[in-house]
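The following report is a guide for a reader who meets this structure for the first time. Please keep the sequence and the model in view while reading.

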Amino acid sequence: MLFHTIEFAIFLPIVWLAYWATFRSPRVRTCILLLASWTFYAAWDVRFLSLLVGSTALDYFCGVALGSTDDPVRRRRLAALSVAGNLGLLGTFKYYDFFASSFAAMLARVGLDVAPWTLEVLLPVGISFYTFQTLGTTLDVYRRRVQPEPDPILYAAYVAFFPQLVAGPIERAERLLPQLRSPRPFAWRDQLDGLLIFAVGLAQKVVIADRLAPLVDQTFAARPGELVAADVLIGSWAFAFQIFGDFSGYTDMAIGSAMLFGVRLTDNFRGPYLAANPQEFWRRWHVSLSSWLRDHLYVPLGGGRGSKWLTARNLLLTMVLGGLWHGAAWTFVLWGAAHGLWLLLHRALVGVLARVGGMGAAWRWPLRILGVAVTFQLVCFTWILFRAEDLAAASLQFGALGNPGFGPDQWAKLQWLFRFAWLGVVIQGVQYRWPEQLRGGAARGVLVVLAVYAISRSLADGAFADDRPFIYFQF
Amino acid sequence: MTDRSSTSSSDPSSDPSSGRGPLLTALGLAVALLALDRATQLDPPFEEFEEFGEDLQPFARTTYHIDPAVVPGVSGVARFFRNAQGLRGRIVSGAADDVLLVGGSTVACTLLDEADALGAAIEHAVVQPRRLAALGRGGYPLGRLLPLIDKVLSTPTLRPGAIVVMLGANEVELLMNHLPWTDGPAWDPDGPYGPASWATTFAGWYRANGDGRFLVRPRQAYATGPKRDQLTPPQRQVVETATAEFTAQLTAVVRTAVDRGTRVVLVTQPIAFDATTGAASPGWAPFFHAEPGQGVLPTPRLMHELVERFNAATRAVAASEGATLVDLAHTLSSCGPCFYDQWHFTVLGASRGGAAIAGALDDDDGPAR
């Protein structure tokens, strides 16, 4: 069930009515949210509901058991059980075939022809998101950052909360659980804000992402000799705005939907393409994942506390695994590695600049603008790895950067890109200036204006005809 | 990624806005949105055709995974791209080296890959570089293409240096579906064979990721169903009227193009029927409205006769108006492998047809002959 479909337009009001009708009865209210969320998930494939329930049960058990013991060995075992269970699920359903095929290919290179034994199972939608959410919660309980949730229904509703179930934001227990336990009472202001944010998210999906998608698809379906450098650059810029519109749009629809139930979700985007360096980019792009990786991978590995080589290792490992989280393919591994190397280079450069002394205040804005432009272009180059079907396709794109040429075809593509991407720039400007869900004061006026424009533009473009699934659903 | 305070711990009830001049801020954004919207919508540097139909949607992409047993002579994976204008191939931008191919699916080359289509074959074969775009609409006879041709020729930012027009197949297709081929009751214009249902005649044949199996049923029907080798006198009268109308329309197109400085190359529609031996291609599969066993179909010989009537009209218009003629019907008359059905090109057919058209384009660089 996609947010921008008629099915969801029917589903949401029914759940909303049932939820607020039973608001005074916490047990019933939570049961309704849980049932609605499981129904939402089962709408894709009812068989995979068992995985969601299994992951929830495992981490509920581990969390409660962790809360009842101070024995460090037992606590370590329980945390390990959660890690093994969740990564086992991911490994089986997401990564097994990739590693089996890669291993067979490696053996073939040394002359051993082995047919890989693959499972060829469908990837359960949202598995990377909910396993990370439940695993993160158990690890937080293990580190005594949060208390375990004793109520299994509430815990299950927290894991499966439908607005953010299949593509995040990856919520933290300390933020979402209290809101589900004691939600804000009904307020028209929340309802209005929720609808407005949902509308802005919808426009990002149908006006920006879905309208740029065909241009991107064509660029990445090209064969050798069919592209010039300008085609590749325009295609990568278009993908940058497509994936932003798709994912930020999804996130805003999730945030807006959650607000209709009195729940505020975490921000995931803060104007990422206005970042002036890679470190800032990762503070603005998919924030809930980058903070999860930081807290549950980078910091436990040692973070920046050891030697510079250890820090580099930790950073690179975190980014490579972050890349692999997105998909079981070498393109994602390389994408993560490229970002890791870029972050390392940036750290080194910052260190050198600190030693030679800072530049004058007059240089602040010119340097910031240059930084934004360079960062955006480098992010776009890495998006090529992210979007390409395989390494050969990525190599074709990078190879075409050596073919000069610009004609009416490229000019027309550029025009098409500008026609839809500028709205993405404006929305990122708003995210940058008014983070945390556009609340109050000037932000509400901005939100109203954006939402009115978004709705009118979406209707004028007839963009609802295309019901492309969200890109991040495949992760 | 660096150590920093957790983003998830921020206070959800905090209000980060400055609150200064909220009305002015919102107003400023509204003005900026409208200005940017207008700036990117007005006067695009290229014209579009989407207004003429959803099939001309910009940047549409279809990939066919074709079963070679059903559609021989084409690439196994065929990509069909539409550009920013909804055309196949290059943008037409009013440049002298722009060449626009006009016609139906035989021009669009639906089941051929981008690299194998007729436009690509012409671009590959011409000596003097040209930019080829194809305005090929499956099932469209000349009458339904006229508004598009008119837009192309009347818009300076579109008008190409040359247009290449290959017609006839859909005119015959239209006749097949409009004439009372059935032996049942009298022809009902509102019935399944009448003009009222014409729009659905071709709908659904081509599907995204199709493998070409839509050809199987027409082929089966052709192999087993009853066929007719002669037109009845009333049918002859309809055909005469149709060819006269076609001639008038084509003449008007050529005159308009020449008046506006666009060169016209007229191409006859080849068909996979060898008139000397009477043999039809084994892939012969004209689309028709009837289900197997319901209708009476024209034999390949009669189909050839019908196509030739329109080809004769094309030759006559070329001669009378001084347009360049490429007689592909003659050039490919005995090339069975050039077609995967009765008239759609294989890679070989597009290559040979493209070479012939390229030769004509290179022969004379003048606006019209």
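## Around an aspartate of chain B

Leaving aside residues up to four places away in sequence, B:Asp274 touches B:Ala279, B:Ser333 and B:Ser334, where contact means heavy atoms within 4.5 Å. The model is a predicted one, in which local features need pLDDT of at least 70 and side-chain atom pairs count only at pLDDT 80 or more, while totals for chains, interfaces and linings use all residues. Residues are numbered from 1 along each chain as its sequence is written, chains are lettered from A and ligands numbered from 1 in the order in which they are written, and side-chain values use heavy atoms, with hydrogens and water left out.

B:Asp274 belongs to strand β9 (residues 273-274) of chain B; helices (H or I, at least four residues) and strands (E, at least two) are DSSP runs, numbered from the N terminus. Its relative accessibility is 17%, so B:Asp274 counts as buried, a word that stands for under 20% relative accessible area, with exposed meaning over 50% and partly exposed in between (1.4 Å probe, protein chains only). The C-alpha atoms of B:Asp274 and B:Pro300 are separated by 9.5 Å, although these residues are 26 residues apart along the chain.

## An enclosed strand

Strand β6 (residues 162-166) of chain B is largely enclosed by the rest of the structure, because five of its five residues are buried. In a regular strand the side chains alternate between the two faces of the sheet. In β6(B), B:Ala162, B:Val164 and B:Met166 point one way, whereas B:Ile163 and B:Val165 point the other way, and all are buried.

Which strands does β6(B) run parallel to? Five bridges join it to strand β4 (residues 98-103) of chain B, in parallel, and five bridges join β6(B), also in parallel, to strand β8 (residues 263-267) of chain B; two strands pair if DSSP finds at least two bridges between them. B:Met166 is the bridge partner of B:Gly103, and B:Met166 also stands opposite B:Val267 in β8(B).

## Salt bridges

How many salt bridges does the structure hold over all chains? There are 32 of them, a salt bridge being a side-chain nitrogen of Lys or Arg within 4 Å of a carboxyl oxygen of Asp or Glu.

| Salt bridge | Closest N and O atoms |
|---|---|
| A:Arg264 and A:Asp190 | 3.4 Å |
| A:Lys205 and A:Asp210 | 3.1 Å |
| B:Asp113 and A:Arg223 | 3.1 Å |

The salt bridge of A:Arg264 with A:Asp190 ties together parts that are 74 residues apart in sequence, because A:Arg264 lies in the loop between α9 (229-259) and α10 (278-284) of chain A and A:Asp190 in helix α8 (residues 188-220) of chain A. A:Arg264 counts as buried at 4% relative accessibility, and A:Asp190 counts as buried at 4% as well. A:Lys205 and A:Asp210 are buried too.

The salt bridge between B:Asp113 and A:Arg223 crosses between chains, from the loop between α2 (105-108) and α3 (118-125) of chain B to the loop between α8 and α9 of chain A. B:Asp113 is buried, with a relative accessible area of 1%, whereas A:Arg223, at 31% relative accessibility, counts as partly exposed. In chain B, a network of salt bridges links B:Asp229, B:Arg236, B:Glu240, B:Arg301, B:Glu305 and B:Arg309.
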